[in-house]
Each structure stands twice: as C-alpha cells, then as structure tokens.
Amino acid sequence: MLNPQRSLSELPKMSAANQVERAVMEEEFNWLLKEEVHSVLKQLQDILKEASRRFSMPTTGLDGQVKQENFILGSTTVDQVKGVLTLQGEALTQADINLKVSKSSQVLHFQFRDDKQWKLQQIQDARNHVNQALQLLSSRDESYHFKTGAEVNKLMDAVMLQLTRARNRLTTPATMTLPELATSGLMKMFSPPMPGDVMVNFYINLSKLCLAVYQLHVLQPNTTKNFKPAGSSVLHNPGSTFELNNNRFEVSHVHKVECVVPWLNDTLVFFTISLQLCQQLKDKISVFSSLWNYRPF
C-alpha cells in the first residue's frame with residue numbers, strides 16, 4: 001500500500017522533472033524551427049532546382065538554347081512502326097515515322113511539317129508544378145522565423161501538393177476518346193497528311209515517350225446494329241468503335257512504341273526524394289505536437 005505522505009512529498013519533484021523535460025523539449029523544438037527546418041528547405045530547393053533544370057537542359061555555348069535530343073522508337077514485339085523523335089524540352093520538334101500497313105505490307109512514311117512543333121502538355125504542366133513548389137520554398141528565406149509546427153506543416157503540405165501533381169502528370173497520361181484523337185491538332189502536323197484510316201497519339205508514361213498508332217476501317221451500315229462507341233482511354237484496343245462525320249469506324253490494329261527519356265527518370269527520382277524529405281520533417285514536428293498538447297503545433 002502506498003504511503004500517502006510519501007506520494008505527496010514526491011509531487012514537487014515529479015513536477016520539477018516534468019518542467020526540466022518540457023524545457024529541454026522546448027529548446028529542441030525551437031532549434032528545429034530555427035535551424036533544421038531551414039536546412040530541409042535548402043535541401044528541397046537544391047533538389048527541385050535540379051529537377052527544373054532537367055526540363056530545359058541548355059546546350060553549352062548557345063545562349064541557353066534548349067538541347068535537341070533524338071530518340072529511336074522501339075518495341076520488342078512491334079516492327080510495323082519505326083521512327084525517330086526529336087525532343088527539345090517540352091516540345092516534339094520532329095517525328096519521322098514509318099508505318100507498315102497490315103493488309104498490304106506497304107510502308108507509309110510521315111514526318112512533322114517544318115513549320116510545326118507539338119507541345120507535350122504533360123511535361124509543361126510538370127515543370128510548372130515544380131516551379132510553383134520552388135516559389136513556395138523561396139518565400140521563406142533563412143531570415144524567416146517559423147513560430148509553430150502548424151506553420152511548417154502548412155508549407156510542407158503546399159509543397160507536397162505541387163510535387164504530387166507534377167509526378168502525377170508524368171505517371172498518368174490523359175485519357176482521350178477516339179473522335180478527340182481523330183480531330184486533334186496532332187493530325188494536322190504531318191507531311192504528307194495522315195490518311196483517313198490512320199490516327200496517332202503521343203504521351204508520356206513515367207520516363208517513357210510513347211507513340212500509339214491506330215489503323216481503322218469503316219463499318220458498313222448493316223454491321224452497326226449494336227454499335228456502341230468506345231469511351232475515353234489512354235490506349236484503345238482493337239475492336240473499339242467510334243462515330244465521326246456520319247461514318248462509323250472500328251480500330252483494326254493498334255501499335256504502341258516507346259523510348260526512354262533518361263532525364264524524365266531523373267525528375268521522378270527527385271520528386272520521390274523531395275516528398276520523403278517533406279514527410280520526414282512533418283513527422284519530426286508531430287513528435288513535439290503529441291508531447292505538448294497545450295501548444296498549437
């Protein structure tokens with residue numbers, strides 16, 4: 001049985017011990033807010049500047065002009081489509097494509113018109129999100145004093161949102177319907193013009209630049225009794241159908257070829273590291289907020 005007198009006499013000591021512990025924790029927390037938070041912000045800025053630089057690698061000695069890179073399209077299973085793509089930052093400046101038509105084995109050759117470039121919206125959007133994250137980080141320079149953990153968390157959440165959006169733009173290509181593909185500005189990019197029974201689409205998937213080529217045939221009126229147009233998709237399958245200008249079409253063949261863009265892989269790695277740094281800082285803040293319920297972190 002506990003001695004009531006002894007327990008009472010120990011209360012001041014326990015309280016003093018708690019006060020010492022709290023003082024130590026407060027000192028650690030103030031150091032975190034003053035020193036470590038800014039150290040992490042500096043790391044994040046350095047990493048994201050590298051990511052931003054990857055989107056527009058300048059050519060040495062040419063007044064910062066973005067470097068042109070050539071990529072050979074390839075697939076282990078498809079030899080019907082071959083080609084070379086020229087990428088300059090976010091723009092496809094040239095596409096040189098050979099398509100072997102399935103029925104006749106005839107080879108069709110297409111390339112971009114000299115006056116045309118195709119902007120890859122996914123790369124443009126990802127770069128914009130990285131730059132927005134950098135703006136958020138630079139708004140809190142080393143002289144800025146964070147007063148609460150909640151303030152740090154709010155900044156980290158805003159940065160993580162931009163980085164997640166940037167990553168998602170590269171990992172999640174936009175879906176399109178077949179009529180949207182058929183009427184896309186991309187179809188007007190080529191010389192000679194694409195025939196009416198061929199459609200193409202370019203998109204980014206992770207660190208790969210992908211080309212999808214669709215061969216079509218017109219459905220006869222007597223075969224369209226149970227016609228059901230295909231919905232929106234990144235890649236449509238053979239047998240998908242759609243209607244355009246009072247004609248009904250079916251996809252007869254689909255060819256997908258791709259090439260790896262190394263600097264896109266770099267940016268995805270930078271996004272992962274940056275998101276981890278943000279989360280680790282939030283986790284450290286949460287340690288203090290769980291110990292000090294009376295102070296708003």
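In which helix is Asp157 found? Point 2 takes that up, after a word on the model.

1. This is a predicted model, in which local features need pLDDT of at least 70 and side-chain atom pairs count only at pLDDT 80 or more, while totals for chains, interfaces and linings use all residues. Residues are numbered from 1 along each chain as its sequence is written, and side-chain values use heavy atoms, with hydrogens and water left out.

2. Asp157 lies in helix 3 (residues 149-171); helices here are DSSP runs of H or I with at least four residues, strands are runs of E with at least two, and both are numbered from the N terminus. Asp157 counts as partly exposed because its relative accessibility is 38% (buried is under 20% relative accessible area, exposed over 50%, partly exposed in between, with a 1.4 Å probe and protein chains only).

3. Now to the rings: searching the whole structure gives six aromatic pairs. One of them is Phe55 with Trp263, which is edge-to-face because the planes meet at 80°, with the centres 5.8 Å apart (rings of Phe, Tyr and Trp, the last by its six-membered ring, pair if their centres lie within 6.5 Å; planes under 30 degrees apart are stacked, over 60 edge-to-face, the rest tilted). This pair links distant parts of the chain, 208 residues apart: Phe55 belongs to helix 1 (residues 4-55) and Trp263 to helix 5 (residues 262-291). Phe55 is buried at 2% relative accessible area, and Trp263 is buried at 6%.

4. Phe112 and Phe202 make another edge-to-face pair, 6.2 Å centre to centre with 85° between the planes. Here strand 4 (residues 107-112) supplies Phe112 and strand 7 (residues 198-205) supplies Phe202, 90 residues apart. Both Phe112 and Phe202 are buried. Ring pairs also join these two with Phe110 and Phe190 in a cluster.

5. Do look at Arg140 too: its charged end sits over the ring of Tyr144, 4.6 Å from the ring centre (the criterion is NZ of Lys or CZ of Arg within 6 Å of the ring centre and within 35 degrees of the ring normal).

6. Finally, strand 9 (residues 241-244) pairs with strand 10 (residues 247-260) in the antiparallel sense over four bridges, where pairing requires that DSSP finds at least two bridges between the strands. Thr241 has Glu250 in strand 10 as its bridge partner. The two strands form a hairpin with two residues between them, and Asn245 in the turn has a positive phi of about 50°.
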